Amino acid sequence: MLQYLVTGLAIGSLYALLGLGLALTYRSTTVLNFAQGELAMLMAFVCYLGIAVLGLSPLAAMALTLVVGILLGIGLYNLIIFPNRERDHESLAVVTLGMKLALTGLVAWVLGVEAREFPPIFGTQNYTAFGLMISPGQFWTLVVGLVAMVAVTAFLKFTSLGLAMRAAAEDVNVAQLLGIDLRVVGSLAWIAAVCLGAVTGVLFSATVLLSPYMMGLAILKGFAALVLGGMTSVPGVIVGGLLVGVLESLVAYYLTPLLQESVALVLIIGILLVRPQGLFGSAPAWRA
């Protein structure tokens, strides 16, 4: 069973990263970003092209991907979200749904619909510890996921920009009186969300084939992490993502893998019925 727990924690780290991206944009702009999965897919393709076409090393390709992610995050917020910030939540959610469909179609049109094998970036030798076998993909997913989650938490807690985001999340009017530029804060949240998507997309591509449709089910797990942990709680989303991954693995171990993909949907329905604000959520969101 421990082997299943390790697998569950590794895949749960990816769900937590997806959920963190969703939480940051929801806290900053009260937008449920249905395109977060497709942004992760697009960034994974950028990294793939950097390695396979430009001949860059995996590290250089990842740096290039993050630069593209920063520019994309700035563009998406300032050209699409900010001009529509006065619209209601449902309209903004539909806007991101349109972004999701547009990104999928654009990537499929330009790069084709065939699935590709991502260049091996973690090696092929399995690790063994305490009788457990861990694949390189699982190991580095755990390590990178943990580092990214700690970095986001530390950024929000200890940096001036992070404090500005938290202040604005608590009370937008007070934040404006303190001189916080909500457009800068909103841009920063979208940059962070796209960069988290880049990390998630590359890690996910190391375990599945790269294709325009690869994030279809994964983003549902990210939403499950968001709802389970609490839509405004960063630590809650991290815990929620790990719980979803572990529960999926336990269902596969004790029952059947056929029910594994249903766990996220059951969790979403159950938590909305019992505790709609999630395990750690409470405060209402704000809009930049």
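Trainee: Which helix does Leu 39 lie in?

Mentor: Leu 39 belongs to helix α2, which covers residues 36–52; helices here are DSSP runs of H or I with at least four residues, strands are E runs of at least two, and both are numbered from the N terminus. Bear in mind that this is a predicted model, in which local features need pLDDT of at least 70 and side-chain atom pairs count only at pLDDT 80 or more, while totals for chains, interfaces and linings use all residues. Residues are numbered from 1 along each chain as its sequence is written, and side-chain values use heavy atoms, with hydrogens and water left out.

Trainee: Okay, is Leu 39 buried or exposed?

Mentor: Leu 39 is buried, because its relative accessible area is 1%, and buried means under 20%, exposed over 50% and partly exposed in between, with a 1.4 Å probe and protein chains only.

Trainee: And what does Leu 39 touch, not counting residues up to four places away in sequence?

Mentor: With those neighbours set aside, Leu 39 touches Asn 33, Leu 72, Leu 76, Leu 103 and Val 194, where contact means heavy atoms within 4.5 Å.

Trainee: At what angle do α2 and helix α3 pack?

Mentor: The angle between α2 and helix α3 (residues 58–81) is about 140°, and their axes are 8 Å apart; the axes are lines fitted to C-alpha atoms, for helices over the stretch in contact, and angles run from 0 to 180 degrees between N-to-C directions. That makes α2 oblique to α3, since angles under 35 degrees count as roughly parallel, over 145 as roughly antiparallel, 65 to 115 as roughly perpendicular and the rest as oblique.

Trainee: Which residues make the contact?

Mentor: From α2 they include Leu 39, Leu 42, Met 43 and Val 46, and from α3 they include Thr 65, Val 68, Leu 72 and Leu 76. By class, the contact of α2 with α3 has 12 nonpolar, 3 polar and no charged residues, where Ala, Val, Leu, Ile, Met, Phe, Trp, Tyr, Cys and Pro count as nonpolar, Asp, Glu, Lys and Arg as charged, and the others, Gly among them, as polar.

Trainee: Switching to rings, how many aromatic pairs does a search of the whole structure find?

Mentor: The search finds 6 aromatic pairs, and rings of Phe, Tyr and Trp (its six-membered ring) pair if their centres lie within 6.5 Å, with planes under 30 degrees apart counted as stacked, over 60 as edge-to-face and the rest as tilted. One of them is the tilted pair of Tyr 48 and Phe 118, at 6.2 Å centre to centre and 50° between the planes. This pair links distant parts of the chain, with Tyr 48 in helix α2 and Phe 118, 70 residues away, in the loop between α4 (89–111) and β1 (127–129).

Trainee: Is Tyr 48 buried or exposed?

Mentor: Tyr 48 counts as buried, at 15% relative accessibility, and Phe 118 counts as buried too, at 5%. Ring pairs also bring in Phe 45, so that Phe 45, Tyr 48 and Phe 118 are linked into a cluster.

Trainee: What about α9 and α11, at what angle do they pack?

Mentor: Helix α9 (residues 218–229) and helix α11 (residues 263–274) pack at about 25°, with axes 9 Å apart, and they are therefore roughly parallel to each other. Among the residues that meet are Leu 220, Phe 223 and Val 227 in α9 and Leu 267, Ile 268 and Ile 271 in α11. The residues of this α9 and α11 contact divide into 10 nonpolar, no polar and 1 charged.

Trainee: And where does Phe 280 lie?

Mentor: Phe 280 is in the segment after α11, and Phe 280 is partly exposed, because its relative accessible area is 46%. Leaving aside neighbours within four places in sequence, Phe 280 is in contact with Gly 229, Ser 233, Gly 236 and Val 239. Of these, Ser 233 is 47 residues from Phe 280 in sequence and 6.1 Å away in space, C-alpha to C-alpha.

Trainee: Last one, which helix does Asn 78 lie in?

Mentor: Asn 78 lies in helix α3, and Asn 78 is buried, given a relative accessible area of 19%. With neighbours within four places left aside, Asn 78 is in contact with Pro 83, Arg 183 and Ser 187.
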